[in-house]
Amino acid sequence: MSDKKPKKRRDFLFTATTAVGAVGAAAVVWPMVDQMNPDASVKALASTEVDVSSVQPGNTITVLWRGKPVFIRRRTQEEIEEARSVKMEELIHPEKDEDRAKNPEWLVMLGVCTHLGCVPLNDKGDYNGWFCPCHGSHYDTSGRIRKGPAPWNMEVPKYEFVNANTIKIG
Amino acid sequence: MSDHDYRPKSKVGQWFNDRLPLLTLANHLTDYPTPKNLNYWWTFGGILTFCLITQIITGLTLAMHYIAHADMAFESVEHIMRDVNYGWLIRYIHANGASMFFLAVYIHIFRSLFYGSYKAPREIIWIIGIVIYLLMMAAAFMGYVLPWGQMSFWGATVITNLFSAIPLVGEGIVTWLWGGYSVDNPTLTRFFTLHYLIPFLIAGLVILHIWALHVPGNNNPVGIDIKKPSKDTVPFHPYIVIKDGFALLMFMIVFAFFVFYTPNILGHADNYIEANPMVTPAHIVPEWYLLPFYAILRSVPDKLLGVVAMLSAILILAALPWLDTSKIRSAVFRPLYRQFYWILVADVLILGYIGAMPAEGLYLLIARVATAYYFLHFLVILPILGYKERTLPVPLSITEPILGGSPNLAAARHRESKIK
């Protein structure tokens with residue numbers, strides 16, 4: 001506000017009107033923006049149960065959860081040892097295999113490359129884990145990023161063993 | 001200008017024009033003084049207008065048969081191809097029309113770059129053009145998603161995931177764009193809506209683009225300011241209308257060749273496989289017109305910086321009128337700029353080629369060099385060139401060199417060869 005012009009009642013009215021108008025406009029804009037967020041029916045599909053009894057060691061099954069592929073791999077003893085023997089300093093996104101696979105035989109993670117969302121290929125790449133064909137990211141036997149443009153390890157979703165043969169994801 | 005003096009001949013015309021001066025506008029467009037030395041590179045504005053109208057008409061008719069639903073979209077496109085009367089023709093015109101649109105716009109943009117059409121007083125025309133180009137890319141991308149094939153689905157996944165590179169809010173933005181936790185039905189329906197909307201936004205911007213053009217008038221191959229109207233100009237109708245019409249006819253031959261003889265050559269076979277969220281195609285490639293930017297994205301090993309580089313490559317064009325410090329517009333009188341211009345053309349073509357190749361080994365190295373050169377051209381070479389370059393003498397008018405007095409184009413070239 002300039003010093004020459006004293007503040008008047010009219011200035012206050014202009015400011016107050018503009019402020020109320022802005023709040024009103026924001027209140028109308030927000031529903032228009034928020035309608036694009038995941039709706040109630042999408043959110044309702046929160047969890048899925050998978051029977052893993054038929055999966056042999058060294059095999060991976062892929063299931064769909066929230067529209068995304070989830071890799072469930074029954075790892076071999078060598079793969080587990082390979083994943084657990086890696087030094088933390090060598091990792092781009094340091095995470096212990098023990099934290100990623102609580103039951104070492106079972107690795108459960110989103111089969112989504114953290115670069116731009118492609119599905120990496122099984123048993124491929126320089127680290128015997130996964131390889132993303134889109135832009136060349138290599139993941140190890142724990143699904144951790146080792147080489148390429150992806151910034152993070154493949155995400156481990158919330159999951160639990162309901163019983164010895166069933167995994168509940170979500 | 002003659003616009004202000006215009007008065008319709010008929011009584012009815014006068015009555016109407018006094019209330020809504022549409023006839024004055026029509027008269028302005030007819031008589032609009034145009035430089036008489038415009039070459040065929042100047043016909044692409046008209047060709048682009050044709051492309052936009054073609055896309056809108058074929059798009060409207062396709063929308064009468066298409067179903068925007070994840071379970072039915074793919075099938076409805078096949079229904080259009082097999083069952084709808086002339087559906088195959090309309091769809092092939094629309095799909096190839098997008099490619100033709102980009103072909104024309106790239107020629108139009110590089111015309112501007114060669115003849116310095118983006119320089120004062122035409123900066124606003126140029127910037128509106130860049131906005132149109134960005135909207136075209138958005139429309140083309142979303143249109144490609146609609147058939148819901150494998151490339152549609154995974155192209156949509158990769159491109160929307162670009163936003164996840166934004167720190168903190170990135171993931172939230174991607175979820176918001178998708179309307180879910182992956183590309184799915186909500187994504188498809190909103191892309192269809194926006195794909196339908198954008199051409200009309202472009203049409204509005206095209207009107208502004210032409211309006212802004214008609215204030216200073218056309219640039220021309222000599223790149224000098226001319227008096228309008230004068231002996232340097234001809235009326236738009238019939239001179240330019242006929243020339244544009246002939247060029248459009250030639251363009252339509254190319255267009256028809258693609259539609260009737262190789263309608264799928266610019267597409268990907270993978271898009272005839274229905275979208276499958278469990279399997280990514282072995283080799284994801286965007287449409288040819290986006291390849292140079294895709295190459296730039298992949299040449300940077302960091303996710304966020306790759307996205308930043310790709311966006312900068314487009315947005316840097318908006319700053320071009322201020323990055324190019326040379327007072328001379330046309331490359332005809334800029335011997336050094338002309339060489340750098342052709343190097344840039346080659347650089348962009350190389351980036352386009354690399355964008356279609358796997359990102360590894362030698363390809364990656366070439367992509368990095370070409371990306372670096374792209375930015376070098378705009379950020380270093382152009383600003384310095386304006387100060388260092390010895391330009392050739394510019395004629396005073398378009399007509400004068402022919403009648404004698406100041407140097408003409410041939411003389412300028414001759415002089416240049418002597419300097420070498």
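Biologist: Which residues are linked with E90(A) in a network of salt bridges?
Modeller: D140(A), R144(A) and R146(A) are linked with E90(A) in that network. A salt bridge here is a side-chain nitrogen of Lys or Arg within 4 Å of a carboxyl oxygen of Asp or Glu. Note that this is a predicted model: local features need pLDDT of at least 70, side-chain atom pairs count only at pLDDT 80 or more, and totals for chains, interfaces and linings use all residues. Residues are numbered from 1 along each chain as its sequence is written, chains are lettered from A and ligands numbered from 1 in the order in which they are written, and side-chain values use heavy atoms, with hydrogens and water left out.

Biologist: Why would such side chains pair at all?
Modeller: Side chains of opposite charge can pair when their charged atoms come close.

Biologist: OK, what does the bridge between R146(A) and E90(A) tie together?
Modeller: Their side chains meet at 3.5 Å, N to O. R146(A) is in strand β8 (residues 145-147) of chain A, and E90(A) is in the loop between α3 (77-84) and α4 (97-100), so the pair ties together parts 56 residues apart in sequence. Helices (H or I, at least four residues) and strands (E, at least two) are DSSP runs, numbered from the N terminus.

Biologist: Is R146(A) buried or exposed?
Modeller: R146(A) is buried, because its relative accessible area is 13%. E90(A) is partly exposed, at 46%. Buried means under 20% relative accessible area, exposed over 50%, and partly exposed in between (1.4 Å probe, protein chains only).

Biologist: And where do D140(A) and R144(A) come in?
Modeller: They form a salt bridge at 3.1 Å, N to O. D140(A) is buried at 2% relative accessibility. R144(A) is buried too, at 0%.

Biologist: How many salt bridges does the structure hold over all chains?
Modeller: It holds 16. Another one to look at joins D126(A) and K147(A), with the closest N and O atoms 2.7 Å apart. K147(A) is in strand β8, 21 residues from D126(A).

Biologist: New topic. How many salt bridges cross between chain B and chain A?
Modeller: The rule finds zero. It does find nine residue pairs in polar contact there, both at pLDDT 80 or more. A polar contact is a pair of N or O atoms within 3.5 Å; within protein, one must be able to donate a hydrogen and the other to accept it, and residues adjacent in sequence count only if both atoms are side-chain atoms.

Biologist: How much area is buried between the chains?
Modeller: About 2,300 Å², with carbon and sulfur atoms giving 64%. Buried area is the accessible area (1.4 Å probe) that two parts lose on being put together, summed over both. In chain B, W176(B), Y181(B) and M278(B) lose the most area to chain A, together 33% of what that side buries.

Biologist: Which side chains make a polar contact with H135(A)?
Modeller: The side chain of Y294(B) does, at 2.7 Å. So does the side chain of H115(A), at 3.4 Å. H135(A) lies in the loop between β6 (130-132) and β7 (137-139) of chain A. H135(A) counts as buried, at 8% relative accessibility.
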